[in-house]
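Hello,

Here is the structure I promised to pass on to you. Have a look at it first, and then read my notes below.

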Amino acid sequence: MKVLAINSSPKMAKGNTAMILIPFLEGMREAGAEVELFYTSKLNIKPCTGEINCWIKTPGECYQKDDMQMLLPKIHEADIMVFATPVYVDGVTGPMKNLIDRMVPLAKPFFELRNGHCRHPLRGEVKSNKVVLVSNCGFWEMDNFEPLLVYMKAYCKNASSEFSGALLRPHGEAMGPMIEMGEHIDDIFKAAKEAGYQLVKEGKMSIDTLKIVGRELLPLEMYIQITNQSLREALNALKK
Ligand SMILES: Cc1cc2nc3c(=O)[nH]c(=O)nc-3n(C[C@H](O)[C@H](O)[C@H](O)COP(=O)(O)O)c2cc1C
């Protein structure tokens with residue numbers, strides 16, 4: 001089983017998204033999957049310019065020569081695609097959106113009716129892959145992921161993919177400081193690993209496991225207070 005993971009956090013392996021993604025991929029590897037991970041920050045992926053050459057002049061091929069040439073065959077081959085992104089203003093990061101837009105050569109320009117909805121047929125052998133979202137955000141509430149979930153589910157319908165669920169870590173910025181303070185939050189990372197193992201071995205992730213990944217780390221009021229306190233300290237340190 002081939003897994004292709006894309007992490008679009010500019011913090012890459014040092015970011016909060018990676019804190020959840022890395023054990024999740026570890027679980028998948030342990031279950032026997034062949035996993036490849038790419039960071040958008042290390043890739044050269046230009047935004048789509050809307051020429052649609054990839055549909056008419058050079059079917060299946062974009063005129064822009066960059067890392068999408070290497071990535072498109074991997075996307076086509078992947079049994080599971082993992083989109084890992086921090087929430088940036090209620091959506092995916094810019095580089096992640098660029099990458100997704102540049103997947104258009106995988107479709108044909110024609111329209112077809114799929115499940116009663118107007119869609120583009122996929123190019124080549126239609127392979128229904130699974131898609132997982134891994135995300136974290138700064139705000140405290142789980143509802144901050146709602147726009148992202150709506151988008152990823154819509155993307156899956158568009159791309160004929162199966163949405164397999166999401167590992168969502170609200171108040172993700174609390175993880176690092178809590179570990180430094182010696183708080184025990186290991187259960188979150190163990191659950192992320194378990195979710196990866198389950199997806200490969202059983203074809204799905206358990207809701208209870210995903211709940212642990214996103215469990216409350218500290219009360220809302222305390223999070224606001226601690227965050228504001230450390231921001232004030234950082235601002236005061238600059239004044240000195
Ligand atoms: C440009 C920008 C926009 C952000 N927008 C949101 C947002 O809309 N909602 C939210 O909860 N967090 C938001 N955040 C906070 C990030 O999601 C949070 O810091 C996250 O932990 C970053 O993950 P990373 O370390 O993997 O990059 C934003 C951060 C940045 C830099």
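**Overall picture**

With 240 residues, a compact globule would have a radius of gyration near 18 Å, and the protein chain agrees with that at 19 Å (the radius is taken over C-alpha atoms, and the globule rule is 2.2 Å times the number of residues to the power 0.38). Please keep in mind that this is a predicted model, in which local features need pLDDT of at least 70 and side-chain atom pairs count only at pLDDT 80 or more, while totals for chains, interfaces and linings use all residues. Residues are numbered from 1 along each chain as its sequence is written, and side-chain values use heavy atoms, leaving out hydrogens and water.

Along the principal axes, the C-alpha atoms of the protein chain fill a box of roughly 60 × 45 × 30 Å. The secondary structure comes to 8 helices and 7 strands (DSSP runs numbered from the N terminus, with H or I and at least four residues for helices, and E and at least two residues for strands). Of the 240 residues, 44% count as buried (under 20% relative accessible area, with exposed meaning over 50% and partly exposed in between, for a 1.4 Å probe and protein chains only). Among contacts with a separation of 6 or more, 75% come from residues 24 or more positions apart (contact means heavy atoms within 4.5 Å).

Val131 has Phe163 in strand 7 as its bridge partner, and Val134 has Leu167. From strand 6 the chain crosses through helix 4 to strand 7, a β-α-β crossover that is right-handed (with the strands pointing away from the viewer, the path from the first strand over the helix to the second runs clockwise).

In strand 6, 6 of the 7 residues are buried, so it is largely enclosed by the rest of the structure. The count for strand 7 is 6 of the 8 residues, so it is largely enclosed too.

**The nonpolar cores**

The largest nonpolar core has 33 residues, of which Ile20, Phe24, Met28, Val82, Val132, Val134 and Leu167 touch the most other members (a core is a set of buried Ala, Val, Leu, Ile, Met, Phe, Trp, Tyr and Cys residues joined through side-chain atoms within 4.5 Å). Helix 6 gives the most to this core, with 7 residues. Leaving aside residues up to four places away in sequence, Val82 touches several residues, including Val3, Ile6, Phe24, Met28, Val132 and Val134. Another core, of 30 residues, lies apart from the largest one and has Phe83 among its members.

**Some single residues**

Most residues other than glycine have a negative phi. Ser160, in the loop between helix 4 and strand 7, has a positive phi near 60°. His171, in the loop between strand 7 and helix 5, has a positive phi of about 35°. His171 counts as buried, at 1% relative accessibility. Val150 lies in helix 4 and is exposed, with a relative accessible area of 59%.

Best wishes

Note on methods:
Two strands pair if DSSP finds at least two bridges between them.
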